[in-house]
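Hi,

Here is the structure I promised to pass on. Have a look at it first, and my notes follow below.

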Amino acid sequence: MNQPALPRDHAALMDSVYSWQHHIYDATRKYFLFGRDRLIAGLDCPAGASLLELGCGTGRNLGAIAAKWPECSLHGLDISRTMLDHAGAQLGGKAALALGDASAFDAAQLFGRAKFDRIVLSYALSMIPDWRRVIVQALDALAPGGSLHIVDFGDSHGLPWPLRQGLTAWLHHFHVSPRLELGVEARRLAAKRRWKCRVTNGPGCYYRLVQITAALD
């Protein structure tokens, strides 16, 4: 199968960021990528459901989803070949993986299916330049009655100011930009389709959970 053309600058940037980090990524990120397991617990995947993670990284989430929802068919997309190779080694065939851009992908070409019952975005939007387009792409790929689940950084307004400043500077070092308009944009896009949207803030608004549910028809 031919791979789609990728935005070379962003793909190269992600490969450079993760060329050495992928070895320690999961061990270190558990200390600040909060809310991921809360998202996974709330997926409510029925037997035989199909799930796609955009920006699947090391495959950590897909592995946890496989353990929590073993009857779910798993798929993962990432723009970084380095991370995708690592995910493949970690998952051992538990998920179908493909190299691609989350803001412009053809699910039917990459996975042999155009629609998914669940789509997950876990701390990916804050690293993708055209993050709004990613949400649109995800909504377009939802099956009737399916749901999009997002977890990403919030504005941390409930944390002490020095901690917020330090976090912002540290994230910037890794090319991470919290999408402060995520809740507003998610509600706008859901309302445009007359779909349901729920936005939940984690403690201190450190992270934000978004769920958009497609109509059945």
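Y123, F153 and Y206 come together as one aromatic cluster; here, rings of Phe, Tyr and Trp (its six-membered ring) pair if their centres lie within 6.5 Å, with planes under 30 degrees apart called stacked, over 60 edge-to-face and the rest tilted. Bear in mind that this is a predicted model, where local features need pLDDT of at least 70 and side-chain atom pairs count only at pLDDT 80 or more, while totals for chains, interfaces and linings use all residues. Residues are numbered from 1 along each chain as its sequence is written, and side-chain values use heavy atoms, leaving out hydrogens and water.

Back to the rings: the structure holds three aromatic pairs. F111 and F116 make an edge-to-face one, 6.2 Å centre to centre with 90° between the planes. F111 is buried at 14% relative accessible area and F116 is buried at 0% (buried means under 20%, exposed over 50%, partly exposed in between, using a 1.4 Å probe and protein chains only). The Y123 and F153 ring centres are 4.7 Å apart with planes at 70°, so that pair is edge-to-face too. This pair ties together distant parts of the chain, 30 residues apart: Y123 sits in the loop between β4 and α7, F153 in strand β5. Helices (H or I, at least four residues) and strands (E, at least two) are DSSP runs numbered from the N terminus.

Now the packing. Over the chain, 51% of the 217 residues count as buried.

What about disulfides, how many are there? The count is zero, taking a disulfide as a pair of cysteine sulfur atoms within 2.5 Å.

Last, confidence: mean pLDDT (the predictor's confidence in each residue, from 0 to 100) is 85 for the chain, with 77% of residues at 70 or more. Residues 1-6 stay under 50. Where pLDDT is low, the predicted coordinates should not be read in detail.

Cheers

Key: Contact means heavy atoms within 4.5 Å.
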